[in-house]
Amino acid sequence: MNKKENRKTDFLVHNVAVNLKKIRLAKKMSLDELSEQTGVSKSMLGQIERGESNPTIGVLGKIVSGLRVEFDDLIREPDLEAYKVDHRDLIPSKEVPGQYTVYTYFPFEKKRNFEIYIIELEPHGVYNSGSHGEKTMEYIIGIEGTLTLELKDESYTVEPEDALLFQSDKEHSYKNETDARVRLVSVFAFLPKA
């Protein structure tokens, strides 16, 4: 399993852990009662709720059947008051050594219409990006260094604390034309269809 797949697995393990515990408590069930209803051992259920186990599809099927809930109820992103992303735990979602690294902080989910990334460009690094599709906008905020963004025949300079908004339905390039590293926040927003 590569690092990107591992990150997705960790995200799902977290979702199942939080959602299973929330559903169990909402139904006022103990782990013993849940085990009896699902046919999954109490110790396994405890490990799943603590995020220590990556359950198989078969185990998830037993849990869904025993709890009489939808599969999506277990794997979807939980409704939380807060969810912290520790940058030290992130694995690059895109990377070309010596050029750029992209970290996904919040991936696309059905209930929100945006994604948030941190993009790092090495000195003289270039990240060429294709279109993000129709009706997409990108918001970027400079954190460190001077970014040059090329969009069609236009070129924009983004300094730290500057922001730029553009339609991202066309190819564009992030360029670092300096000897220092560039870091920026990138937010993709998917506009509602008419």
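Residues were classed as buried under 20% relative accessible area, exposed over 50% and partly exposed in between (1.4 Å probe, protein chains only). The model is predicted: local features need pLDDT of at least 70, side-chain atom pairs count only at pLDDT 80 or more, and totals for chains, interfaces and linings use all residues. Residues are numbered from 1 along each chain as its sequence is written, and side-chain values use heavy atoms, with hydrogens and water left out.

Secondary structure follows DSSP runs, numbered from the N terminus: helices are H or I with at least four residues, strands are E with at least two. Two strands pair if DSSP finds at least two bridges between them. Strands S3 (residues 114-121) and S10 (residues 182-190) run antiparallel and are joined by eight bridges. Phe114 has Ala189 of S10 as its bridge partner.

Helix H4 spans residues 57-67. Its buried residues are Val59, Leu60, Ile63, Val64, Gly66 and Leu67.

Salt bridges were assigned where a side-chain nitrogen of Lys or Arg lies within 4 Å of a carboxyl oxygen of Asp or Glu. The count comes to ten. Asp32 pairs with Lys42, with the closest N and O atoms 3.6 Å apart. This pair links helix H2 (residues 31-38) to helix H3 (residues 42-49), with the two residues ten apart. Asp32 is partly exposed at 46% relative accessibility, and Lys42 is partly exposed at 42%. Arg50 and Glu52 also form a salt bridge (3.2 Å, N to O). Arg50 is exposed at 53%, and Glu52 is exposed at 54%.

A further salt bridge joins Arg181 to Glu120, the closest N and O atoms being 3.5 Å apart. Arg181 lies in the loop between strand S9 (172-175) and S10, and Glu120 in strand S3, so the pair ties together parts that are 61 residues apart in sequence. Arg181 is partly exposed at 32%, whereas Glu120 is buried at 11%. Glu120 and Arg181 belong to a network of salt bridges with Glu144 and Arg183.
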